[in-house]
Each structure stands twice: as C-alpha cells, then as structure tokens.
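Thanks for passing this one along. Here are my notes, as numbered points to read beside the model.

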Amino acid sequence: MDLKEQLKLTYLFITHNIAVAYYISDRVAIMYAGKIVEMGDVDEIFKKPMHPYTQLLLKSVPTIGRKELEPPTGEVPSLVNPPPGCRFHPRCPYAMSVCKEREPQLIRVNNRQVACWLYQQQ
Ligand code: SF4
C-alpha cells in the first residue's frame, strides 16, 4: 500500500483471499472457473453482491460476531470440460433452465458488470 501511494502504481492483484482483496483494492473482478462473473467498485460489490457466486463467496468470509459461515456447496467444475451454459449452474441456488443451456454475457448493470441470467433478457 505504501509503494502504491509513493510511486502511484497500479497493481493487478490475484488472490483466493477475498478479505485481503477488499482491503487493498479499489476495483475487484470476481472469477469463477476461469470467467469473470462480476466486476466493479470494491465497496459496492462487498456491500451488495449481485452474482450468486459473489454472494456465496462473501458469506464464507469469517467476520467478528457471525458464527455461521455458508461456503458454496458442491465441487468446482473441471476446466478441461466445464459445464455448458453458466459454469456456476450446478452449484447455484437460483439456476434456471436457460442457465444450463446458454452462457450469460458480462453486461453492465448500474455501476458494475455482471454475468448472470437473473439480470438480463433470456
Ligand atoms: S446464470 Fe443462472 S446459474 Fe449462473 S449464476 Fe446466474 S442464476 Fe445462477
């Protein structure tokens, strides 16, 4: 963070630790199985995640005062042979038939980008 301030640097920081990403980032891109599913201002996404994977990811972060963690259930898909349609559909609590057939594109929704059929015309 000191180097970023002193040298006016821009970092691309890749991590599996979403809590660390929150503290060092201005913008964040959430990836699932090799695809960006949500991208935008870090405060907005952490306060109101839109993509179901982002929502489950944030419920799995330990915080003071919360005992119950809800990590996503199921297995991460094979990247060699990913599921058709939305790659998250086998684990998504909101999956619809279109999710199994067609891949949602990353579209702008308000001030961010989201790839999910819940937010676009089918
Ligand atoms: S496109 Fe469908 S399966 Fe994928 S995250 Fe959205 S609702 Fe869930």
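1. Helices here are DSSP runs of H or I with at least four residues, strands are runs of E with at least two, and both are numbered from the N terminus. L3 counts as partly exposed because its relative accessibility is 46%, where buried means under 20% relative accessible area, exposed over 50% and partly exposed in between (1.4 Å probe, protein chains only).

2. A word on the basis: this is a predicted model, in which local features need pLDDT of at least 70 and side-chain atom pairs count only at pLDDT 80 or more, while totals for chains, interfaces and linings use all residues. Residues are numbered from 1 along each chain as its sequence is written, and side-chain values use heavy atoms, with hydrogens and water left out.

3. L3 also belongs to a nonpolar surface patch of about 550 Å², together with L7, L9, Y11, F13 and V20. Such patches take residues with over 30% relative accessible area and no salt bridge, and join nonpolar side chains (Val, Leu, Ile, Met, Phe, Trp, Tyr) within 5 Å and like charges within 9 Å. A salt bridge is a side-chain nitrogen of Lys or Arg within 4 Å of a carboxyl oxygen of Asp or Glu.

4. Now for helix 4, which is mostly covered, with six of its eight residues buried. The buried ones are P52, Y53, T54, L56, L57 and L58. They pack against helix 2 (18-24), strand 1 (27-32), strand 2 (35-41) and helix 3 (42-47), with contact meaning heavy atoms within 4.5 Å.

5. Next, the loop between helix 4 (52-59) and helix 5 (97-101), where E75 is found. E75 is exposed because its relative accessible area is 70%. Leaving aside residues up to four places away in sequence, E75 touches Y32 and R91. From E75 to Y22 the C-alpha to C-alpha distance is 25 Å, and the two are 53 residues apart in sequence.

6. R66 is found in the loop between helix 4 and helix 5 as well. With a relative accessible area of 35%, R66 is partly exposed. Its contacts, not counting residues up to four places away in sequence, are L58, K59, S60 and V61. R66 lies 34 Å from Q105, C-alpha to C-alpha, and 39 residues from Q105 in sequence.

Technical notes
Areas by Shrake-Rupley, 256 points an atom, 1.4 Å probe, with all protein chains shown as cover.
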